[in-house]
Structures are given as structure tokens and as C-alpha cells.
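Dear colleague,

Please find below the structure that I am handing over to you, together with its sequence. My notes on it follow.

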Amino acid sequence: MVASSEDEQSQIFDFLRLLSAGLPAGFTGTTLVVWTLAGILAVRLSVYVVNFIAWQAKFRRAMKQFPLIDRPSAELLSLDHDDRSRVRWQIPVIAFTFCGHPETVKPILSNITRKPEWMYRFFRPWLGDGLLVSEGSKWQRNRRLLTPAFHFDILKHYVKLFSESADVLLEKWMSRGPGASVELFDDVGLMTLDNILKCSLGYNSSCQTDGRSSPYILAVHDLTRLINDRPDYLPYYVDFIYYLSADGRRFRKACKIVHDFSEKVIRERKEQLKKGELTFSKTGRRKRLDLLDILLRARDEDGTGLSVSEIQDEVNTFLFGGHHTTASGISWTLFHLAQNKDYQDRCKREVEEVLQGRTEITWQDVGKLPFITMCIKESMRCVPPVPRVARALKQDLTFPDGKSLPKGSPTYAEFNELHRNRDIWPNPTVYDPYRFSPENSMNRHPYAFLPFSAGPRNCIGQNFAMSEMKVSVALILQRFYLELDPAKPPVVPCEMITNQARDGIWVKAHPVKTD
Ligand code: HEM
């Protein structure tokens, strides 16, 4: 064996020597190898460039089938929908399609797409390879391992925590005096952060009372803002340039704070588990498991669990995915109810009938709030917390009307537009919770209302989110009557990854009189 491999080597060297013998003086064997490699690289690069130019031509031809808009968020909402709601938005380097009809959104969210790396890679330094950004077999395995963490048996224990966090917010508002003006996004955002820290890490942060004084809370806010801003400035697409900038350095620092924090909590919990300091019942269950417990105990069929860094990525993903989104859902629901006194009154009556003077909501109560649920859904229709999701096509796609897009096309499922599509929603700008009554929802297209997206990459936390939003809205309305504060700036929606309000949502919070 050794002899034969030596033979092969010497044959190769002989061949190279033979070749180099015919070369001009000074041209050694090493130079030949380098030139050969450079040649192969040049050929491969040329093939790549030619393929890319051919794809661009095909893509641009395909894009011409769709009407052009200047700015997606401003213009989409004023368009007619004759084209079954696909439009094109073009900036110098690339163009995107936005799909806003159930029939066009459906294939975009199916198996024939993947998440485009150019879009989601900005999240990677923070969320690592967590569920939101991972792909392929890694995503499949982790989605399977994480799904039990969102089972109703686990979620029902969080309802008490949601009630406690809402209580802190209500006490805060109470202490500001009757009719005080409060900004919803700020206060609700801290409440939902409080909730996700308790439910995912079992961590009592007192963030609602300490406000933004904690470096961890500041870092989470910084990261969200910086990720939102980064795509707006073309040079920042290059990591090297970004990390040299002030924003990039700030981003790195914030990532470190967030990672150090979650790593410390995970390490401590592992230690506790090892020392047997966490008490489990005979069935192996603690009275209330948080998401971290489930992640630490999750096992494949062959008994392999998640590594510490995988757990860290998932925990950071929950913290990111599970706090601005629910804050947006709750704040906009309260905004719509502050604008619509009749619906607010009906919600209050519903809470009172269910709670009968109690101030804590139980898991059983959560299922008895149908009108509040309708109000939350209608609010998420008008202002979806996540405005859109991006996908890249894994294969050519032909829409029902024959128009098509080539493999690789970047495209968005545009929930802002889908939820206001006149084909589906008459008078789409009117807030009307009765659209979600059982009778009115019965024959609706399954892809018409997608606040949590759909298909294999839908939101894993949607039941968690719905329970949290119902508990929070119910308890706030039980204690306060809300009206918009006319002395504050008008409410203007703006996107900060999630749908927020440019100058916040200011309401006057009047304590409800109790007999
Ligand atoms: C109102 C609240 C929420 C809304 C509207 C919402 C919406 C969404 C949407 C639209 C997606 C798809 C994202 C994409 O395709 O890029 C998503 C994914 C995800 N959400 Fe949520 N979400 C909410 C709350 C939560 C909560 C509370 C958690 C966790 C505790 C969570 C965890 C996740 C995760 C991990 C994913 C990625 C799932 C995957 O790709 O397998 N979300 N969410």
C-alpha cells in the first residue's frame, strides 16, 4: 500500500517536472500549481458570473410582469388589487416582489422557499443558529425538540406569571394618579420583557420598576434598533465596514452583554440541576417548568440533547421573538379599544362576568374571553405586529394567473397588505372585531389572516403570545378606562422590525370605579 502511494506521488511529480521542463526559465513546478489553481478559480468565477447575469436577465424580465412602487410601506396600502396583489419594489441592486393576496402568499410560505441569508444574517451575531434563522436539518431537529416547550400543559402555568406582571404595570399606572397620560409601547414593552424573562429563564428582572437602568435591558433595546437600522445603509452590508463603525461597535458590545447574561443563567441552572437543587415530582416534573428547563431536558431519539451554545441561541431567540411582538399586539389592541368606546365597554363587561371581582386570571378563564380575543385578532389584522416575512424561492414558481418568478427570487409575504386586501376584507380600514365572530370567520381563506405567518416556519410561540395578550388586555381593561390623549402627538405607525408607533401611543388611564 505504502509503495503504491509513493509510486503515485512520484508519477505526479514526474508529470509536473515534465510539464515544467517545457516552460520558460524561472517557471517552477510551484508556479505551475499556483497558475493551475488560479485558472480553475477563474473558470469557476466566470461560470458563476455568467450564471448570475443570465439569472438577473431572467429575474428582471419576470419582475416586469408586476407593477412598480417607490416605497413599500407608504404605497402598498393605496394600491388597487387588480393584479392579485403582487408588486415590485426596485432599488439599484435588487428588486423584490411583495405578495399580499392569500393565493400568492400561500406558495411563498410553503416548502418551496427558504429564508434568504442576506436578510436574516444580520440577526446571526445575536441569535446564532437559533430557530428563527437556522435552516435545513438543524432547524428541523431543533423545531422538533422545542415544540413540546409550547404545549398547553406548559403554557397554562405561565398565566399566573402574566397576571403578576400585569399587576406591576397596573400599580405603576395607579401611582401616577387618575387620568394620568401613559405611553403604551414603553410600559407594555417592559411588561412583556418581564414576562418572557420569567417564562424563558425563570428570571425576575424587576425591569418594570427599574426601567431602562439595567445594562441587559438597554442592550436588548439597542440590538433591536441597530438590526432594524442596518439594512438602510448599503456599506453596512459589509461586516468589515459595519464593525468599524460606531453602530457596529455598539452592536458588538450589546451582543456581548446579552450573551454573557444568558450564558450565566444557563450555567447556573445546569449547576442546580447537577446538584439536585431543583425539585421535581415523582413524574420528573417541577411544578412550573420554564422554557429553559424544557430545553435542558430535550432529547433526540438517540438521547442527544442540545449543547449549551444551542440552548443559548434558542433562549436569545425567544427573548427577541417573544417580547416586541406581543408588546406591539397588546399596545395596538389597547389603542383600537381606546378609539372605540363601545367595544371597550363590551370587553370590560366580559372580563367582569368571567372574573366576578377576582384580580387574577386562571388558565380556565383565558378560554372564556371570546370578545377580547376577537378584538385582539382584529387589531392584529389592522396592524400586524410583524409586517412581513422574507423568503427566497428554492424553485421556479408560477402563480395561479400564469405569472412566474425564477428560482432564487427574493420575495415578501406582506402581511400589512394581506390583512387589508379589499378582495377579502370589505372596508379594510374600519376596526370591526365582529369580522372574527365564528360565523364571519367560517368560510374565510386560511391564508387571509396570518399574524403568526403560516407553513412550516410559522410562529412556534403563537399560543404563548395569544394567552399573554388576552391576560394582559383583560386585566388592564378590568382596572382602567382608556382614552386617547388629545394633548399628545397623533398616533403614526412606524416599523422597527415590528409595527410600532413613531411617537408612541399616549392614552389617559382612568381607574375604573369599583362599588
Ligand atoms: C403577537 C406576538 C407574536 C407574533 C405576531 C409573532 C409572529 C411571528 C412570525 C410572523 C414569525 C415568522 C417569522 C419568519 O418567517 O421570519 C414568527 C416566528 C417565530 N416566533 Fe413568533 N410571534 C409572536 C410571539 C412569539 C413568542 C411569544 C415567541 C416565543 C416565546 C415567538 C417565537 C418565535 C420563533 C422561535 C419563531 C421562529 C420559528 C421557526 O422559524 O421555526 N414568537 N413569529
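Predicted model: local features only at pLDDT ≥ 70, side-chain atom pairs only at ≥ 80, totals over all residues.

Overall architecture

The protein chain contains 23 helices and 13 strands. It has 515 residues, of which 36% count as buried. Among contacts with a separation of 6 or more, 71% join residues 24 or more positions apart.

Helix 18

Helix 18 covers residues 341-355. From its first C-alpha to its last it reaches 21 Å, close to the 21 Å expected for 15 residues at 1.5 Å a residue. Its buried residues are Tyr343, Cys347, Glu350 and Val351. Viewed down the helix axis, these buried residues fall within an arc of 95°, so they line one face of helix 18. Just after helix 18, glutamine 356 adopts a positive phi of about 50°.

Cysteine 347, in helix 18, deserves a separate note. It counts as buried because it has 25 C-beta neighbours inside 10 Å. Neighbours within four places in sequence aside, cysteine 347 is in contact with Leu337, Phe371, Ile372, Cys375 and Leu477. Between cysteine 347 and glutamate 495, the C-alpha to C-alpha distance is 28 Å, and the two are 148 residues apart in sequence.

In helix 7 (residues 136-146), the buried residues are Asn142, Leu145 and Leu146. They fall within an arc of 90° when seen down the axis, so they line one face of helix 7. Gly136, Ser137, Gln140 and Arg144 are exposed on the other side of this helix. Helix 16 is included in what covers the buried residues of helix 7.

Helix 12 (residues 215-229) has 15 residues and should therefore span 21 Å at 1.5 Å a residue, which agrees with the 21 Å between its end C-alpha atoms. Ile217, Ala219, Val220, Leu223 and Leu226 are its buried residues. They pack against helix 6 (124-127), helix 10 (184-201), helix 11 (207-210), helix 14 (246-275) and helix 16.

Nonpolar cores

The largest nonpolar core has 86 residues, and those with the most contacts inside it are Leu184, Leu223, Leu334, Val471, Val473, Ala474 and Val507. Leucine 334 touches Leu184, Val473, Ile476, Leu482 and Val507, when residues up to four places away in sequence are not counted. Another core, of 16 residues, lies apart from the largest one and has Phe415, Leu418, Phe449 and Leu450 among its members.

Ligand surroundings

The ligand is surrounded by 22 residues, the closest being Gly321, Gly322, Thr325, Cys459 and Gly461. Helix 16 (308-321), helix 17 (324-339) and helix 23 (462-479) are the elements that give two or more residues to this shell. By class, the shell comprises 12 nonpolar, 8 polar and 2 charged residues.

With kind regards

How values were computed. Residues numbered from 1 in each chain as written. Near = placed C-beta within 6 Å. Helix = DSSP H or I, 4+ residues; strand = E, 2+ residues; numbered from the N terminus. Nonpolar A, V, L, I, M, F, W, Y, C, P; charged D, E, K, R; others polar. Core = buried A, V, L, I, M, F, W, Y, C linked by C-beta atoms within 7 Å. Buried ≥ 20, exposed ≤ 12 C-beta atoms within 10 Å, placed from the backbone. Contact = placed C-beta atoms within 7 Å. Expected span 1.5 Å × (residues − 1). Arc of directions from axis to C-beta.
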